[in-house]
Amino acid sequence: MNPPILAELRWLSWHNLPPVLTLTAFSMLNMVILDLSWSTFSESWDGWSHIKMARNLKVLNLTGCAQLQRTPDLSAHVKLEQLILESCGRLVEIDESIGQLKQLVLLNLRFCRKLRRLPEELVNLESLKELLIDWTSIREIPGPGGMKKL
């Protein structure tokens, strides 16, 4: 069996990643920053299961992933500090697993124009310092006791 490709890689920036790319021999174990901006994969992309192995991931940048309608289950990324979904034009849902990202400091949803609601689990994110929601369709933010109108 061959060793994984680039086993020590910590930062990968790969814009416009092909949606049919197979990452099976590629190691995600030490990945800290993953930038897949402007890629054309969707929530059903096979690569999500491979990305779950990136247990040390701190930054996930999916800017401009136009086919993404829902975020995948993010529960494997408990060390995630920045989730960037800016300009994901078809995004309509953020998975409730976001509530498990206790170290999340930044959530960037700018220009996700079809996004109408945030999951109630957002109230669990005590470390969240920056929530960027301009140019979305969001009109309520989760708070103690339920949703609060903007």
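D134 is partly exposed, with a relative accessible area of 35%. The model in which this residue is seen is a predicted one. D134 forms a salt bridge with R110, and the closest N and O atoms of the two side chains are 3.0 Å apart. R110 is located in the loop between β5 and β6, while D134 belongs to the loop between β6 and β7 (140–143), so the pair ties together parts that are 24 residues apart in sequence.

R110 is likewise partly exposed, at a relative accessible area of 24%. In general terms, side chains of opposite charge can pair when their charged atoms come close.

## Other salt bridges

How many salt bridges does the structure hold? The count is 5, and one of them joins the side chains of K58 and E81, with an N to O distance of 3.6 Å. This pair links distant parts of the chain, 23 residues apart: K58 is in the loop between α1 (47–51) and β3 (59–61), and E81 is in the loop between β3 and β4 (82–84). Both partners are partly exposed, K58 with a relative accessible area of 33% and E81 at 28%.

A further salt bridge is formed by R10 and E8, whose closest N and O atoms lie 3.7 Å apart. Here R10 is partly exposed, with a relative accessible area of 43%, whereas E8 is exposed, with a value of 56%.

## The parallel sheet

Six strands make up an open sheet with parallel pairing, in the order β1-β2-β3-β4-β5-β6. At its edges are β1 (11–13) and β6 (130–132), each of which pairs on one side only. From one strand to the next, the twist averages 5°.

Strand β5 (residues 106–108) and β6 are joined in the parallel sense over 3 bridges. Within this pairing, L107 has L131 of β6 as its bridge partner.

## The hairpin of β7 and β8

Antiparallel pairing is found between β7 and strand β8 (residues 146–149), over 4 bridges. E140 stands opposite K149 in β8. The hairpin has 2 residues between its strands, and G145 there takes a positive phi near 85°.

## Positive phi in the loops

F111 is partly exposed, with a relative accessible area of 24%.

## The nonpolar core

Which residues touch the most other members of the largest nonpolar core? They are L34, L62, L83, L91, I98 and L109, in a core of 36 residues.

I98 shows what such a position involves. Leaving aside residues up to four places away in sequence, I98 touches L74, L83, L104, L107, P119, L122 and L125. Two of these contacts lead back to residues already named: L83 is another of the core members that touch the most others, and L107 is the bridge partner of L131 in β6.

A disulfide is a covalent bond between the sulfur atoms of two cysteines. The count of disulfides in this model is 0. C65 takes part in none, and the nearest cysteine sulfur, belonging to C88, is 5.2 Å away. C65 is buried, at 0% relative accessibility.

Technical notes
Residues numbered from 1 in each chain as written. Predicted model: local features only at pLDDT ≥ 70, side-chain atom pairs only at ≥ 80, totals over all residues. Heavy atoms only, no water. Core = buried A, V, L, I, M, F, W, Y, C linked by side-chain atoms within 4.5 Å. Buried < 20%, exposed > 50% of the residue type's maximum accessible area, 1.4 Å probe, protein only. Contact = heavy atoms within 4.5 Å. Pairing = 2+ DSSP bridges. Axes fitted to C-alpha atoms, helices over the stretch in contact; angles between N-to-C directions. Salt bridge = Lys/Arg side-chain N within 4 Å of Asp/Glu carboxyl O. Disulfide = S-S within 2.5 Å.
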